[in-house]
Number of protein chains: 2
Amino acid sequence: MTRLPALIPLVLVAALVSPALAQAPADFVSLEAAQNAANAAAGPRAVPGRSIPVPPTASPQLQAAIAAPYRLPAWDANPKSAAEWKELIERLAAQAATAQKTIREKLGVTLETATVDGVRVFILTPKDIPPANKDRLLVHVHGGGYVYNPGEAGTGEATLMAAYGGFKVISVDYRMPPDFPYPAAMDDAMTVWKATAATHDPHKMAIFGTSTGGGMTLAMILRAKQEGLPLPAAIAPGTPWADLTETGDTYKTNEWLDNVLVSYNGYLRHAAELYANGHDLKDPQLSPIYGDFSGFPPAILTSGTRDLFLSLTVLTHRKLRRAGVEAELQVFEGMSHAQYNFDAFAPETKEAFTEIARFFDKHLAQ
Amino acid sequence: MTRLPALIPLVLVAALVSPALAQAPADFVSLEAAQNAANAAAGPRAVPGRSIPVPPTASPQLQAAIAAPYRLPAWDANPKSAAEWKELIERLAAQAATAQKTIREKLGVTLETATVDGVRVFILTPKDIPPANKDRLLVHVHGGGYVYNPGEAGTGEATLMAAYGGFKVISVDYRMPPDFPYPAAMDDAMTVWKATAATHDPHKMAIFGTSTGGGMTLAMILRAKQEGLPLPAAIAPGTPWADLTETGDTYKTNEWLDNVLVSYNGYLRHAAELYANGHDLKDPQLSPIYGDFSGFPPAILTSGTRDLFLSLTVLTHRKLRRAGVEAELQVFEGMSHAQYNFDAFAPETKEAFTEIARFFDKHLAQ
């Protein structure tokens, strides 16, 4: 399973002092001087424009994802009306839903639709459920910036968790803007959590989701604590949108490098305001990084080195740890935002979900 | 202990579709178009030149470190002779040694010099050793690209571990180029490990180090396995120089952003060749990422989002996990390479070492 690159030619010189600069890029000396000058005083970091190669340290499948162009029209959508939003959302969701059907078939996962106290859900069931997971149930909240991925389009991560973890998963098809801004999504997710935790043992349950689903996972625990509801035995907030404002270093350092979200000034800014609908973006129910993480269940977080939300992931991880919560972090080489969900058959995808499944297996009662 | 920033002004608009672009940078629309065009085909990622602010999500002390200029002359040193190397190394080491004395006094750590089977070491002892740590002993290997930090200059991390973890630490003052290239450093480190593991219970011992010290920590375990020596109960390779070739995505993505190492084409390339002295840079004793990690002791790895070695850290973490090794990862917001060692009194410094100490406490016998 090694993914390490083939030997990179490097002239090895036995002399005490080697002519190493000859191997550095031809323009290095002038760039070095310009950069030293531009960074000679304390302050913001001046970084030059660059062409950054696809790293050979990722699998071929992940390399293809890293090399891919920015995702248009998703990343910088800026619809001018509710009708325009809906047209875009439905068009993207239809494409994703078709792809999901094929992936489920290949992975041997079946999908059923249902409602839980009036909320639409999908139930994902793997071909084989190991005995240890027979009574376990996972609740999934999908990503998409609170606007994308309604319906089957939002079930991809639930399918991967069902397939690679051997779990039964309920994925919440929560209501979204433009018709249903905050708190509709959270109300729906909590309705499903409350209902399922009443009919199943919450010690045998977990909540997980990526991006907006990761933010919602954290907000659900905050709200469950507040409402005195039972908590799940573990959570897996993947690269969580834990802060809807542009706060966190990698919002800037990984801007234009992450080929999924690309920049906060793409659709994210518009989606945040559309969802918040006038609520304070720093309310912990919208930006859970501002909440109190004490008493949270054990958590495993996932991100990538090119992820626009790498800072949100590590800030959440550190805040959980400072609150005394058992929290693990996994960060994948070269990955942009949520890219462990993109190619169902990339080794990194299987690796990410296998780690999450191992973490759940450790913490969920049987 | 919250370090979250004060409220960032954000005009909240209750209307369904908000004039959000007005809040984006003025040049966003033209940059968006140029970037979409530059990234329209699969391939390398085109990233524009930028000025990246100091993140308010770090502590004031860490913000000062993030804002600091590139470290001259350390980062891009390119001495033309052994004499020039020695002059630079001694000058930088003298400065660091003076600073270390003050830090030890403030933290209540004492330093003694000693030799172990002919190898020079420093013994760092905290004012108070908790009962659980009474019989525990840590072996430290310092960083500095196999050239910097001889003598007391290399003891900073050992002092922090002694102070914040309450451990007795032996720090190896291994021989280095230009006079002593590979394998002198590893020979010295192994001599100390072999001798101390013979007189102490290795189940009560750990090995740790940052950067070059992190790479050496990994290489020491590979060599101990090979030589049939006992292994420590845990290791803490901090942002390890696990690959002496320029392999790993953040060598490129964090180039010019990391204000400590800045670029592989600075001193690192020269130091790697000076140390290797004609040996294959991809030999696992020089680049342990190419070694077999099976049977490794539990490991905790530390890095930062701006670290040039973030990829080396996460690649090492993933490879340890794939080998079935218990391995934890902590990544700090906005940090460049090894910056958790820089300001002894920054909250992130204490946090990083407290986590490592907790990990050691979990795995070391008493």
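Modeller: Keep in mind that this is a predicted model.

Biologist: Which residue stands opposite V47(B) in strand 1 of chain B?

Modeller: That is R50(A).

Biologist: Now the wider view. How many residues does the contact take from chain B and from chain A?

Modeller: Chain B gives 104 residues and chain A gives 103 residues. For the extent, look at buried area: between chain B and chain A about 8,800 Å² is buried, with 58% of that coming from carbon and sulfur atoms. Within the area that chain B buries against chain A, 10% is supplied by R45(B), R50(B) and W256(B), more than any other three residues.

Biologist: And the charged pairs: how many salt bridges are there between chain B and chain A?

Modeller: The count is 10 salt bridges. One to find on screen joins the side chains of R318(B) and E355(A), at 2.9 Å from N to O. Polar contacts are counted too: 34 residue pairs between chain B and chain A, both residues at pLDDT 80 or more.

Biologist: Which element gives the largest share of the side of chain B that touches chain A?

Modeller: Helix 9 of chain B (residues 310-322), with nine residues. By residue type, the side of chain B that touches chain A divides into 53 nonpolar, 29 polar and 22 charged residues.

Methods. Residues are numbered from 1 along each chain as its sequence is written. Chains are lettered from A and ligands numbered from 1 in the order in which they are written. This is a predicted model: local features need pLDDT of at least 70, side-chain atom pairs count only at pLDDT 80 or more; totals for chains, interfaces and linings use all residues. Side-chain values use heavy atoms; hydrogens and water are left out. Contact means heavy atoms within 4.5 Å. Buried area is the accessible area (1.4 Å probe) that two parts lose on being put together, summed over both. A salt bridge is a side-chain nitrogen of Lys or Arg within 4 Å of a carboxyl oxygen of Asp or Glu. A polar contact is a pair of N or O atoms within 3.5 Å; within protein, one must be able to donate a hydrogen and the other to accept it, and residues adjacent in sequence count only if both atoms are side-chain atoms. Helices (H or I, at least four residues) and strands (E, at least two) are DSSP runs, numbered from the N terminus. Ala, Val, Leu, Ile, Met, Phe, Trp, Tyr, Cys and Pro count as nonpolar, Asp, Glu, Lys and Arg as charged, and the others, Gly among them, as polar. Two strands pair if DSSP finds at least two bridges between them.
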